[in-house]
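The model is shown first.

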Amino acid sequence: MDQVKFVALDRDDLEVVSTHLQDALVKVADVIWRPKETRLVVGLSRFDWLAAEGTRPELRRCRSALRFERVNCCKCRQVNPSGKDAVLNLLAIEFAETDAPAGVVTLIFSGGGMLRLEVECLEAELADLGPSWPAAERPVHRDATDARG
């Protein structure tokens with residue numbers, strides 16, 4: 001597993017980061033909001049989709065850090081900050097510009113949970129922190145037709 005390191009300064013960059021973080025596992029205790037530093041740091045267990053889809057598929061995870069700078073406000077929906085042991089499944093990260101270059105970054109988790117960051121501009125970094133390890137299973141996504149019945 002090759003370690004990744006990305007900087008995101010616009011929506012296209014953030015889409016690349018979001019793709020690499022699909023199905024990352026996030027322990028609530030590893031979401032660190034530092035309002036005085038205008039920074040949010042999230043520790044994650046990133047699933048390596050590139051290795052899982054290769055010619056010799058490997059199911060692997062890696063400890064990674066996602067950092068957002070210039071964050072003015074951090075709000076959560078259906079994420080209990082006091083439930084430190086809860087584990088969230090990250091589905092996607094989106095950016096919507098409000099008053100350029102300011103905007104809103106949304107981290108979307110399965111089950112309806114969200115973190116909403118109001119940023120003065122988009123400045124994020126994703127970096128793997130060490131070696132990978134075998135994953136127990138490949139994340140599975142239910143088809144919308146399956147969810148109906």
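## A buried aspartate

A residue counts as buried when its relative accessible area is under 20%. The model is predicted. D128 sits in strand β10 and, because its relative accessibility is 8%, it counts as buried. C62 is 66 residues from D128 in sequence, yet their C-alpha atoms are 6.7 Å apart.

D128 pairs with R46 in a salt bridge, with 2.7 Å between the closest N and O atoms. This pair joins distant parts of the chain, since R46 is in strand β4 and D128 in strand β10, 82 residues apart. R46 is buried, as is D128.

## Other salt bridges

The model has 13 salt bridges. R70 takes part in one with E120 (3.2 Å, N to O) and in another with E123, where the closest N and O atoms are 2.8 Å apart. E123 lies in the loop between β9 and β10 and R70 in the loop between β5 and β6, so this pair ties together parts 53 residues apart in sequence. R70 is partly exposed at 36% relative accessibility, E120 at 39% and E123 at 26%.

A network of salt bridges links K5, E37, R39, R67, E69 and E125.

## Nonpolar core

The largest nonpolar core has 28 residues; L14, L21, L66, F68, I93, V105 and L107 have the most contacts inside it. Elements that each supply at least two core residues include α1, β2 and β4. Strand β7 gives the largest share, four residues.

## Surface patch

D10, D12, E15 and E94 form a negative surface patch. E94 belongs to strand β7 (residues 87-97) and is partly exposed, at 45% relative accessibility.

Technical notes:
Residues numbered from 1 in each chain as written. Predicted model: local features only at pLDDT ≥ 70, side-chain atom pairs only at ≥ 80, totals over all residues. Heavy atoms only, no water. Patch = residues over 30% accessible without salt bridge, like charges linked within 9 Å, V, L, I, M, F, W, Y side chains within 5 Å. Areas by Shrake-Rupley, 256 points an atom, 1.4 Å probe, with all protein chains shown as cover. Salt bridge = Lys/Arg side-chain N within 4 Å of Asp/Glu carboxyl O. Lys, Arg positive; Asp, Glu negative; His and termini not counted. Charge placed at Lys NZ, Arg CZ, Asp CG, Glu CD. Buried < 20%, exposed > 50% of the residue type's maximum accessible area, 1.4 Å probe, protein only. Core = buried A, V, L, I, M, F, W, Y, C linked by side-chain atoms within 4.5 Å.
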